[in-house]
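Colleague: I have a model open and want to learn how to read it. Can we go through it feature by feature?

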Amino acid sequence: MAIVVDLDLLLARRGLSVGEFAEAVGITPANVAVLKNGRAKAVRFTTLDAICRTLDCQPGDVLRWVPDEGAEGAEGAEGAESS
């Protein structure tokens, strides 16, 4: 799964530090780092709501999907096996 979190870009555009952002959202700076570095396995809707509220943006501005390399070929192979 290739979900990319674009917090660096959004924080830079708004001139917010990680500390200021973390405090405004109500999460720790360490958890902001987990989000920014792509190590998060999940995001609560309440946290996503607070992020969007703080940055005055939409969820799609924060999260985007990028296809994994070779995902299309792997999907095709699965379909062939189940036929």
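Colleague: At what angle do helix H2 and helix H4 pack, and how far apart are their axes?

Modeller: Keep in mind that this is a predicted model. Two packed helices are described by the angle between their axes and by the distance between those axes. Here H2 (residues 18–25) and H4 (residues 45–55) pack at about 120°, and their axes are 9 Å apart. Angles of 65 to 115 degrees count as roughly perpendicular, and those over 145 as roughly antiparallel. H2 and H4 are therefore oblique to each other. Their crossing is right-handed.

Colleague: Which residues make the contact between H2 and H4?

Modeller: H2 contributes Phe21, Ala24 and Val25. From H4 come Thr47, Ala50, Ile51, Thr54 and Leu55. By class, the residues of this H2–H4 contact are six nonpolar, two polar and no charged.

Colleague: How does H2 pack with H3?

Modeller: H2 and H3 pack at about 105°, with axes 9 Å apart. That makes H2 roughly perpendicular to H3. Val18, Phe21 and Ala22 of H2 meet Pro29, Val32 and Lys36 of H3. The residues of the H2–H3 contact divide into five nonpolar, no polar and one charged.

Colleague: Which residues of the largest nonpolar core touch the most other members?

Modeller: The general idea comes first. In soluble globular proteins, nonpolar side chains tend to be buried together. In this model the largest nonpolar core has 17 residues. Leu7, Phe21, Ile51, Leu55 and Val62 touch the most other members. H1, H2, helix H3 (29–36) and H4 are the elements that give two or more residues to this core.

Colleague: Which element gives the largest share of this core?

Modeller: H4 does, with five residues. Take isoleucine 51, one of the core residues named above. Leaving out residues up to four places away in sequence, isoleucine 51 touches Leu7, Phe21, Val25, Leu35 and Val62.

Colleague: Step back now. How many helices and strands are there in the protein?

Modeller: Six helices and two strands. From the N terminus, the elements run β-α-α-α-α-α-β-α.

Colleague: What share of the residues counts as buried?

Modeller: Of the 83 residues, 24% count as buried. Look at contact range as well. Among contacts between residues at least 6 apart in sequence, 65% join residues at least 24 apart.

How values were computed:
Residues numbered from 1 in each chain as written. Predicted model: local features only at pLDDT ≥ 70, side-chain atom pairs only at ≥ 80, totals over all residues. Heavy atoms only, no water. Axes fitted to C-alpha atoms, helices over the stretch in contact; angles between N-to-C directions. Helix = DSSP H or I, 4+ residues; strand = E, 2+ residues; numbered from the N terminus. Parallel < 35°, antiparallel > 145°, perpendicular 65-115°, else oblique. Left-handed = near helix turned anticlockwise from the far one by under 90°. Contact = heavy atoms within 4.5 Å. Nonpolar A, V, L, I, M, F, W, Y, C, P; charged D, E, K, R; others polar. Core = buried A, V, L, I, M, F, W, Y, C linked by side-chain atoms within 4.5 Å. Buried < 20%, exposed > 50% of the residue type's maximum accessible area, 1.4 Å probe, protein only.
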